[in-house]
Amino acid sequence: MERAHARYGEMFAEAGFANVVGFARTRPHPRELFEAVPDELVASVALLGDADAIGARLSAYAAAGVDEVALVPVSTDRDPGGVATMKALSG
């Protein structure tokens, strides 16, 4: 598992977030780490927004040659189990 963490760390560092990776490696309290993660880091690995915004980003990935995307919908109080998210993306 440690190797996977190192690879994720390298990916985020190469994406311009080396300072966050360095801080994470000091093993801060999870709340401190959460507060240190900028929105830009999340947006670099997540599809965020409404169905149109997500669809546009998926189309951009396809145009760039990406032919496989893993979808992991987030479960929230408004969307338990990510059901609404999956339905919106399937249509």
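Leucine 41 touches Phe12, Phe17 and Val20, leaving aside residues up to four places away in sequence. The model shown here is a predicted one. These contacts belong to a bigger group. Phe12, Phe17, Val20, Val21 and Leu41 form the largest nonpolar core, with five residues. Helix 1, residues 2-24, gives the most to this core, with four residues. Each member of the core counts as buried because its relative accessible area is under 20%.

Now step back to the whole chain. The protein has five helices and zero strands. Read from the N terminus, the order of elements is α-α-α-α-α. Helix 1 covers residues 2-24. Helix 2 covers 30-36. Helix 3 takes in residues 39-45. Helix 4 covers 51-63 and helix 5 covers 83-90.

How far does the C-alpha trace of the protein span along its principal axes? The answer is about 45 × 35 × 25 Å. The radius of gyration is 15 Å, while a compact globule of 91 residues would have one near 12 Å. Buried residues make up 12% of the 91 residues. The accessible surface comes to about 7300 Å², and carbon and sulfur atoms account for 57% of that surface. Contacts tell another part of the story. Take those between residues at least 6 apart in sequence: 18% of them join residues at least 24 apart.

Next, look at charge. Side chains of opposite charge can pair when their charged atoms come close. How many salt bridges does the count come to? The count is one. Arginine 25 forms this kind of bridge with glutamate 10, and their closest N and O atoms are 3.7 Å apart. Arginine 25 lies in the loop between helix 1 and helix 2, and glutamate 10 lies in helix 1, so the pair ties together parts that are 15 residues apart in sequence. Is glutamate 10 buried or partly exposed? Glutamate 10 has a relative accessible area of 41%, so it is partly exposed.

From aspartate 39 to arginine 25 is 14 residues in sequence and 19 Å in space, C-alpha to C-alpha. Aspartate 39 is found in helix 3. Aspartate 39 counts as exposed because its relative accessibility is 65%.

Stay with the loop between helix 1 and helix 2. Arginine 27 has its place there. Its backbone deserves a look. Most residues other than glycine have a negative phi. Arginine 27 has a positive phi, near 60°, and is a residue other than glycine. Why does arginine 27 count as exposed? The reason is its relative accessible area of 74%, since exposed means over 50%.

Valine 66 has 37% relative accessibility, so it counts as partly exposed. Valine 69 is also partly exposed, because its relative accessible area is 38%.

Valine 69 and leucine 58 are 11 residues apart in sequence, and their C-alpha atoms are 8.3 Å apart in space.

Proline 80 sits in the loop between helix 4 and helix 5 as well. Proline 80 counts as exposed because its relative accessibility is 55%. Proline 80 and leucine 47 are 33 residues apart in sequence, and 18 Å apart in space, C-alpha to C-alpha.

Notes:
Residues are numbered from 1 along each chain as its sequence is written. This is a predicted model: local features need pLDDT of at least 70, side-chain atom pairs count only at pLDDT 80 or more; totals for chains, interfaces and linings use all residues. Side-chain values use heavy atoms; hydrogens and water are left out. A nonpolar core is a set of buried Ala, Val, Leu, Ile, Met, Phe, Trp, Tyr and Cys residues joined through side-chain atoms within 4.5 Å. Buried means under 20% relative accessible area, exposed over 50%, partly exposed in between (1.4 Å probe, protein chains only). Helices (H or I, at least four residues) and strands (E, at least two) are DSSP runs, numbered from the N terminus. Contact means heavy atoms within 4.5 Å. The radius of gyration is taken over C-alpha atoms; the globule rule is 2.2 Å times the number of residues to the power 0.38. Accessible areas come from the Shrake-Rupley method with a 1.4 Å probe; for residues, only the protein chains shown count as cover. A salt bridge is a side-chain nitrogen of Lys or Arg within 4 Å of a carboxyl oxygen of Asp or Glu.
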